[in-house]
Amino acid sequence: MRTQAAQVWQSRTLGAGKLRDDETPAPGTYLKGRPVWAAHLLPPSPPAPPLALAPPVAPWPPVDFALGALACCGACVFTNPLEVVKTRLQLQGELRARGSYQRHYRGVLQALWVVGRTDGLRGLQKGLSAGLLYQGVMNGVRLGFYSYTEAAGLAAPGEPVGGRHRRSSGRLHRLPCLFEWLARELPNLNCTGHALYSDVKTHLQAQTVETIAVGHQHNHQGVSNAFATIYQREGLLGLWRGVNGAVPRVMVGSACQLATFSSAKEWVAQSQWFNPNSWLIALTAAMISGVAVTITMTPFDVISTRLYNQPVDELHRGRLYGGFLDCLLKVYQTEGLLGLYKGMGPVFVRLALTPCSACSSGTS
């Protein structure tokens, strides 16, 4: 045993520890003072294949919907003061020429100060209950449904669903895109629900003391009282007053936000201003997208607010505007082009903050 071991360890020694290009060391050879074993001469083993990640498990729908609603409601609490200020600015000087009325609100910060000083902190959260109902029901369903379909493999082309891979260029390939579109645009398809809550929210946000009041004052006692009063006075259709202004507003706003946010985010990432995984990329893209959405959507937002808040006559017809086009023409003729951009500041701040606070998102 010892003789065989000595023969292996001392079979031959390379003097300077150097090999020719065509020479291969044998097992038992000392190379640079170290023995060469047979295992050292084996070819390297191929790398292990990467571990396959388990497909995402679809969460329990009620929990996912509740989490989506909670995120949107949290964002609503922070942005509702901006909604109050936006409503006041858009109703200020209604159908009156510039300079012919007293301006109680002159900007975002000044309006926030005036409302907080006059109505208190609760005044900055007027209409919050209606906003929470809308965000919880509509956007909670949207985010929950999208997350559920994504985890189930229905929201991305080429994902395996039910053991079958969707590689076909036909109907199976387009089906996940359809689910993704439905998940993203579910609230936009239901503009009537948006009008239902926005009608009541606008009434409540416009209400204030006489010294700083703007627009028509409906004097509701709360959300439930507002729904009951509108139903008793105008009937069931009165709850959807202003839907003809909500539809183009949502269409234009969603189209512009979806088109600009992704492009802006890609442009900011390619500019290499920030680290590739930095949250500042999404924030900068949201601000750029917010500028485009504000310019295109504010006129429709002003018209929607005017249609929501206008008083009605005995025949349940608006006393000020006959519809979307009539409101657009009257505002332009009496208040000028700038009248269609009242409340532009709060609209931009809200649009810039919402993707970062709720659905960076998101969109946006």
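This is a predicted model: local features need pLDDT of at least 70, side-chain atom pairs count only at pLDDT 80 or more; totals for chains, interfaces and linings use all residues.

User: OK, so where does R350 fall, buried or exposed or partly exposed?

Analyst: R350 has a relative accessible area of 21%, so it counts as partly exposed.

User: And what does its side chain meet in a salt bridge?

Analyst: The partner is E83, with N to O at 2.7 Å. R350 belongs to helix α11 (residues 344-357) and E83 to helix α2, so this pair ties together parts that are 267 residues apart in sequence.

User: Is E83 buried or exposed?

Analyst: Buried: its relative accessibility is 7%.

User: How many salt bridges are there by this rule?

Analyst: The count comes to 14 salt bridges. One of them is R317 with D313, where the closest N and O atoms are 3.7 Å apart. D313 has 17% relative accessibility, so it is buried. Another is R319 with E314, at 3.9 Å from N to O. E314 is exposed, at 66% relative accessible area.

User: Which residues do salt bridges with shared partners join into one network?

Analyst: That network is made up of E83, K86, K201, R249, D301 and R350. As a general point, side chains of opposite charge can pair when their charged atoms come close.

User: Let's take the lysines. Where does K86 sit, and is it buried or exposed?

Analyst: K86 is in helix α2. With a relative accessible area of 7%, K86 is buried. Beyond its neighbours within four places in sequence, K86 has contacts with D301, G343, P346 and V347.

User: And K201, which helix is that in?

Analyst: K201 is in helix α6, which covers residues 191-206. K201 is buried too, at 16% relative accessible area. Not counting residues up to four places away in sequence, K201 touches E83, G127, A130 and G131.

User: Switching to the greasy parts. Which residues make up the largest nonpolar core?

Analyst: Twelve residues in all: V84, V85, L89, L91, Y105, A111, V114, V115, L124, A206, I212 and V214. Helices α2 (61-91) and α3 (108-119) are the elements that give two or more residues to this core. The most comes from α2, with four residues. Another core lies apart from it, with eight residues, including V200, L204, V223 and A226.

User: Why would residues like that end up together?

Analyst: In general terms, nonpolar side chains in soluble globular proteins tend to be buried together.

User: Pick a core residue. What does L89 touch?

Analyst: Leaving out residues up to four places away in sequence, L89 touches Y105, R106, G107, K342, G343 and P346. L89 is in helix α2, and it is buried, with a relative accessible area of 11%. The C-alpha atoms of L89 and Y105 are 6.4 Å apart, while the two residues are 16 residues apart along the chain.

User: What about A206, what does that touch?

Analyst: A206 touches T87, R88, L91, V214, Q217 and N309, again without counting residues up to four places away in sequence.

User: Which residues form a nonpolar patch on the surface?

Analyst: V63, L67 and L70 form one, with about 290 Å² of accessible area together. L67 is in helix α2. L67 counts as exposed because its relative accessibility is 51%, and the cut-off for exposed is over 50%.

User: Last topic, rings. How many aromatic pairs does the structure hold?

Analyst: Three aromatic pairs. W267 and W273 form an edge-to-face pair, 5.0 Å centre to centre with 85 degrees between the planes. W267 is partly exposed, at 45% relative accessible area.

User: And how do the rings of F300 and F324 pair?

Analyst: Their centres are 6.0 Å apart and their planes are at 15 degrees, so the pair is stacked. F300 lies in helix α9 (residues 279-309) and F324 in helix α10 (residues 324-335), so the pair ties together parts that are 24 residues apart in sequence.

Note on methods. Residues are numbered from 1 along each chain as its sequence is written. Side-chain values use heavy atoms; hydrogens and water are left out. A nonpolar core is a set of buried Ala, Val, Leu, Ile, Met, Phe, Trp, Tyr and Cys residues joined through side-chain atoms within 4.5 Å. Buried means under 20% relative accessible area, exposed over 50%, partly exposed in between (1.4 Å probe, protein chains only). Contact means heavy atoms within 4.5 Å. Patches are made of residues with over 30% relative accessible area and no salt bridge: like charges are joined within 9 Å, nonpolar side chains (Val, Leu, Ile, Met, Phe, Trp, Tyr) within 5 Å. Accessible areas come from the Shrake-Rupley method with a 1.4 Å probe; for residues, only the protein chains shown count as cover. A salt bridge is a side-chain nitrogen of Lys or Arg within 4 Å of a carboxyl oxygen of Asp or Glu. Rings of Phe, Tyr and Trp (its six-membered ring) pair if their centres lie within 6.5 Å; planes under 30 degrees apart count as stacked, over 60 as edge-to-face and the rest as tilted.
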